[in-house]
Amino acid sequence: MASRWTKGNFFFPTKLVVSPQRVIRIKSRLFGSNEESIPISKVASVHISTGVVWSEIVIESTGGSDPITSHGHSKKDAQRIRDLIETYQMQGKG
């Protein structure tokens, strides 16, 4: 799981959770949360855009639905997320 700590979300950081079954983006709010998910088998690509301090990660699905986008991750966390997704995809094909 990776959390992002950027302007505007110090109290409720957005989290990306990568499991063997799916990628989930959880955006917490004062009352409840908002979740988006893509099954690992439906992940088409993972794009990482790295800035001076923070990285943005975009996870696109094969189904044509809106991608999961999350800003404010460290480069190391973004790369770890991509590596986990690729590992779980390879395990699913084996």
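What follows is a chat about a predicted model, from the overall layout down to single residues.

Trainee: In what order do the elements of the protein chain run from the N terminus on?
Mentor: Keep in mind that this is a predicted model. The protein chain has 1 helix and 7 strands. Reading from the N terminus on, the order is β-β-β-β-β-β-β-α.

Trainee: What share of the residues in the protein chain is buried?
Mentor: To count as buried, a residue needs a relative accessible area under 20%. The protein chain has 94 residues, and the buried share of them is 34%.

Trainee: Which element gives the most to the largest nonpolar core?
Mentor: That core has 14 residues, and those with the most contacts inside it are Val18, Val23, Val43, Ile59, Ile81 and Ile85. Two or more residues come from each of E2, E5, E6 and helix H1 (75–93). The top giver, with 4 residues, is H1.

Trainee: Let's zoom in on Val23. Which residues does Val23 touch, not counting residues up to four places away in sequence?
Mentor: Val23 is among the residues with the most contacts inside the core. Leaving out residues up to four places away in sequence, the ones Val23 touches are Val17, Val18, Glu36, Ser37, Ile38, Ile40, Val43, Ile59, Ile68 and Ile85.

Trainee: Which residues make up the covered face of strand E2?
Mentor: In a regular strand, side chains alternate between the two faces of the sheet. Strand E2 covers residues 14–18, and its uncovered face has Lys15 and Val17. The covered face is made of Thr14, Leu16 and Val18.

Trainee: What is the bridge partner of Val17 in E3?
Mentor: E2 and strand E3 (residues 22–28) run antiparallel and are joined by 5 bridges. The two form a hairpin with 3 residues between them. In E3, the partner of Val17 is Ile24.

Trainee: Is E6 largely enclosed or largely open, and how many of its residues are buried?
Mentor: E6 has strand neighbours to look at: 7 bridges join it to E5, and 4 bridges join it to strand E7 (residues 68–73). Both pairings are antiparallel. E6 is largely enclosed by the rest of the structure, because the number of buried residues among its 7 is 5.

Trainee: Which residue in E6 is the bridge partner of Val43?
Mentor: E5 and E6 form a hairpin with 4 residues between them. Val43 also belongs to the set with the most contacts inside the core. Its bridge partner in E6 is Ser61.

Trainee: Which residue in the turn between E6 and E7 has a positive phi?
Mentor: E6 and E7 form a hairpin too, with 6 residues between them. In this pairing, Ser55 stands opposite His73 in E7. The turn residue with a positive phi, about 80 degrees, is Gly64.

Trainee: Which residue forms a salt bridge with Glu36?
Mentor: Side chains of opposite charge can pair when their charged atoms come close. The structure holds 2 salt bridges. In the one with Glu36, the closest N and O atoms are 2.7 Å apart, and the partner is Arg25.

Trainee: Of that pair, which one counts as buried?
Mentor: Glu36 is partly exposed, with a relative accessible area of 28%. The buried cut-off is under 20%. At 12% relative accessibility, the residue that counts as buried is Arg25.

Trainee: How far apart are the closest N and O atoms of Arg82 and Asp83?
Mentor: Arg82 counts as partly exposed at 26% relative accessibility. Asp83 counts as partly exposed as well, at 34%. They form a salt bridge in which the closest N and O atoms are separated by 3.5 Å.

Trainee: Last one: is Val52 buried or exposed?
Mentor: Val52 is found in the loop between strand E5 (43–50) and strand E6 (55–61). With Val53 and Trp54, Val52 makes a nonpolar surface patch of about 370 Å². Exposed means over 50% relative accessible area. Val52 has 87%, so Val52 is exposed.

Methods: Residues numbered from 1 in each chain as written. Predicted model: local features only at pLDDT ≥ 70, side-chain atom pairs only at ≥ 80, totals over all residues. Heavy atoms only, no water. Buried < 20%, exposed > 50% of the residue type's maximum accessible area, 1.4 Å probe, protein only. Pairing = 2+ DSSP bridges. Patch = residues over 30% accessible without salt bridge, like charges linked within 9 Å, V, L, I, M, F, W, Y side chains within 5 Å. Areas by Shrake-Rupley, 256 points an atom, 1.4 Å probe, with all protein chains shown as cover. Salt bridge = Lys/Arg side-chain N within 4 Å of Asp/Glu carboxyl O. Core = buried A, V, L, I, M, F, W, Y, C linked by side-chain atoms within 4.5 Å. Contact = heavy atoms within 4.5 Å.
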